[in-house]
Amino acid sequence: MKWTKIEVKTSSRTQFIDITGLVSDELAKSAVKNGACHVYMTHTTAGLTINENADPDVARDILAGLAHLVPEKGNYRHAEGNSDAHIKASLMGSSLMVPVIDGRLALGTWQGIYFCEFDGPRVRNVLVGVSGE
Amino acid sequence: MKWTKIEVKTSSRTQFIDITGLVSDELAKSAVKNGACHVYMTHTTAGLTINENADPDVARDILAGLAHLVPEKGNYRHAEGNSDAHIKASLMGSSLMVPVIDGRLALGTWQGIYFCEFDGPRVRNVLVGVSGE
Amino acid sequence: MKWTKIEVKTSSRTQFIDITGLVSDELAKSAVKNGACHVYMTHTTAGLTINENADPDVARDILAGLAHLVPEKGNYRHAEGNSDAHIKASLMGSSLMVPVIDGRLALGTWQGIYFCEFDGPRVRNVLVGVSGE
């Protein structure tokens, strides 16, 4: 199992970036036909999630929903002032897995893979690894 | 690694359905004794989680807790009116993994695998794949 | 793929315990150089997450943020009085995966692996399994 690194440049403090195509490209470079595609990001103020990528209002509403749940300003102690980003990171998670069937990501019709920026803008690293045969 | 599809029929807008037995059945069909059982669902208004399946009030309380966190009506833009379901989907996640030891799911005493419906009733698809030897 | 069990003793009702070293030790015992390290816990009132382990205020702020989102006392039905812990367990998740590159956990600079206790103090079980070559 070989991991490759994708760079993702974000442009706002909070932002969902559709990385489905980038992950698909890495899968295509592997010879795996049936297995699992693992995606991991190496940060603590960002996350990964799978959700609808047809209507951009869905990503907007998820970001707004998370901002409502975890306000930027609160009774936080961490001196960097980005505790909201750390909390959102743990709510979304740092990795995800998508089944690989016949050499393709077995995503549902409306599913896309999002990089979730919660403390940008930054350049972020995502690792993609494919297991199987 | 071979993926098989399970169909899950839900009967309410929001509902937790225990799919532990369905996943166990798929594991039993594989020859894997030690490895990992991966579960994935292909939707953006539903999720998967592992939690207690002894007292049904636990699932009820998790659903109520999520409804409190993410109200059905809010300042959402997505025109379909189910943004709460998309947010809950990302909070729960679209996949999960359970260790396989001696040919069985290594779940804890109180753990069960739940399909989380947030915008039903619908017929939903779950993929189960087992890796290992 | 072989799973080994780690015991984690918690000392408070809610607590984040850094288990990065324990997981690294299990990885070191395996011969895997490139693959995936899977971590699973067998409980329904605890979870696993990856977040910053440099400033301890981050873990404190995540615990405080979760306590704010999911109060200990609420309109719950589960008779054991720990529904908040079950809800937080599903928000964090019961498993996580870290890429293995050159025989080491490919964690980001600030990332550590936390066991999340939500209904302690207790003795908890964590399973670690490494796949790859």
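Modeller: In helix 2 of chain B, the residues B:Val58, B:Asp61, B:Ile62, B:Gly65, B:Leu66 and B:Leu69 meet C:Ser83, C:His86, C:Ile87, C:Ser90 and C:Leu91 in helix 3 of chain C. Contact means heavy atoms within 4.5 Å, and helices (H or I, at least four residues) are DSSP runs numbered from the N terminus. This is a predicted model, in which local features need pLDDT of at least 70, side-chain atom pairs count only at pLDDT 80 or more, and totals for chains, interfaces and linings use all residues. Residues are numbered from 1 along each chain as its sequence is written, chains are lettered from A and ligands numbered from 1 in the order in which they are written, and side-chain values use heavy atoms, with hydrogens and water left out.

By class, the contact of helix 2 of chain B with helix 3 of chain C has six nonpolar, four polar and one charged residues. Here Ala, Val, Leu, Ile, Met, Phe, Trp, Tyr, Cys and Pro count as nonpolar, Asp, Glu, Lys and Arg as charged, and the others, Gly among them, as polar.

Two packed helices are described by the angle between their axes and the distance between the axes. Helix 2 (residues 56-69) of chain B and helix 3 (residues 83-92) of chain C pack with their axes 9 Å apart, at an angle of about 70°. The axes are lines fitted to C-alpha atoms, for helices over the stretch in contact, and angles run from 0 to 180 degrees between N-to-C directions. The two helices, helix 2 of chain B and helix 3 of chain C, are therefore roughly perpendicular to each other; that term covers 65 to 115 degrees, while angles under 35 count as roughly parallel, over 145 as roughly antiparallel and the rest as oblique.

Between them, chain C and chain B bury about 2,200 Å², 57% of it on carbon and sulfur atoms. Buried area is the accessible area (1.4 Å probe) that two parts lose on being put together, summed over both. On the side of chain C, the most area is lost to chain B by C:Met1, C:Tyr40 and C:Ser90, together 26% of what that side buries. Over all chains the structure holds 24 salt bridges.

Chain C is superposed on chain B by a rotation of 120° with 0.0 Å of shift along its axis (RMSD 0.0 Å). C:Leu91, already named in the helix contact, is the residue of chain C that comes closest to the rotation axis, at 3.5 Å (C-alpha). Only 12% of the interface residues of chain C are also interface residues in chain B, so the copies meet through different surfaces.

Chain C also meets chain A. There, the axes of helix 3 (residues 83-92) of chain A and helix 2 (residues 56-69) of chain C come within 9 Å and cross at roughly 70°. That contact divides into six nonpolar, four polar and one charged residues. The interface takes 30 residues from chain C and 26 residues from chain A.

Definitions and conventions: Salt bridge = Lys/Arg side-chain N within 4 Å of Asp/Glu carboxyl O. Least-squares fit on C-alpha atoms with pLDDT ≥ 70 in both.
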